[in-house]
Amino acid sequence: MDRAEAKQWIEQTCGAGWLPLVDEVFDKVPPGIVIDEVFQKWARLVVRCTPYDEAFESYLHDIEWLSAEICEICGKPGEEKMHDGWMITRCPRHALLPRNRFG
Ligand SMILES: [Zn+2]
């Protein structure tokens with residue numbers, strides 16, 4: 001998955017709020033590592049890549065935790081909430097907006 005695909009997917013399934021995080025991840029990919037998947041899981045931004053690289057995995061883990069405090073719609077500080085059976089990360093203003101599941 002390249003940067004453009006990843007950003008398009010995240011924008012469709014979540015919102016624009018996490019796009020800077022996606023950019024940051026792609027800026028920091030070490031040589032030889034390929035991003036396989038970028039998606040939202042349990043209100044967090046999850047990135048899967050190959051081959052395994054301990055330092056980069058630990059960085060991705062930090063990004064995952066960062067995303068849990070950033071509204072997926074607008075990028076402002078947010079928190080994880082349960083909405084309609086889904087875990088989402090939203091700021092107070094977007095807390096009640098329905099989840100943008102499939103674009
Ligand atoms: Zn928001």
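Visitor: Where does proline 51 lie?

Guide: Proline 51 sits in the loop between strand 2 and helix 3. Helices are DSSP runs of H or I with at least four residues, strands are runs of E with at least two, and both are numbered from the N terminus. This is a predicted model: local features need pLDDT of at least 70, side-chain atom pairs count only at pLDDT 80 or more, and totals for chains, interfaces and linings use all residues. Residues are numbered from 1 along each chain as its sequence is written, and side-chain values use heavy atoms, with hydrogens and water left out.

Visitor: What kind of peptide bond joins threonine 50 and proline 51?

Guide: A cis bond, with omega at about -10°. Most peptide bonds are trans.

Visitor: Why does tryptophan 42 count as exposed?

Guide: The labels rest on relative accessible area: under 20% is buried, over 50% is exposed, and in between is partly exposed (1.4 Å probe, protein chains only). Tryptophan 42 has 58%, so it counts as exposed. Alanine 43 has 0%, so it is buried.

Visitor: Which residues does methionine 87 touch?

Guide: Touching, or contact, means heavy atoms within 4.5 Å. Methionine 87 touches Gln40, Trp42, Ala43, Glu80, Lys81 and Met82, leaving aside residues up to four places away in sequence. Methionine 87 belongs to strand 4 (residues 86–90). Glutamine 40 is 47 residues from methionine 87 in sequence, but their C-alpha atoms are 9.6 Å apart.

Visitor: How do you know that the buried residues of helix 1 line one face?

Guide: Start with the residues: Ala6, Ile10 and Thr13 are buried in helix 1. Down the helix axis they fall within an arc of 80°, so they line one face of helix 1. The arc is taken over the directions from the helix axis to the C-beta atoms. These buried residues of helix 1 pack against helix 2, strand 1 and strand 2.

Visitor: Which residues of helix 2 are buried?

Guide: Leu19, Leu21, Val22, Val25 and Phe26. Their arc spans 160°, so they line one face of helix 2. Pro20 and Asp27 are exposed on the other side of helix 2. Cover for the buried residues of helix 2 includes helix 1, strand 1, strand 2 and helix 3.

Visitor: How many residues does the largest nonpolar core have?

Guide: It has 20. A nonpolar core is a set of buried Ala, Val, Leu, Ile, Met, Phe, Trp, Tyr and Cys residues joined through side-chain atoms within 4.5 Å. Ile10, Val25, Ile35, Val38, Leu45 and Phe56 have the most contacts inside it. Two or more residues each come from helix 1 (3–13), helix 2 (19–28), strand 1 (34–41), strand 2 (44–50) and helix 3 (54–67). Helix 2 gives the largest share, five residues.

Visitor: What does valine 25 touch?

Guide: Beyond residues up to four places away in sequence, valine 25 touches Ile35, Val47, Phe56, Tyr59, Leu60 and Ile63.

Visitor: Why are phenylalanine 56 and tyrosine 59 called a stacked pair?

Guide: The search of the whole structure finds one aromatic pair. Its rings have centres 5.7 Å apart and planes at 25°, so the pair is stacked. The rule covers rings of Phe, Tyr and Trp (its six-membered ring): centres within 6.5 Å make a pair, planes under 30 degrees apart are stacked, over 60 edge-to-face, and the rest tilted. Phenylalanine 56 and tyrosine 59 are three residues apart in helix 3, about one helical turn. Phenylalanine 56 is buried at 3% relative accessible area, and tyrosine 59 is buried at 17%.

Visitor: What lies over the face of tryptophan 65?

Guide: Arginine 44 does, at 4.2 Å from the ring centre. The test asks for NZ of Lys or CZ of Arg within 6 Å of the ring centre and within 35 degrees of the ring normal.
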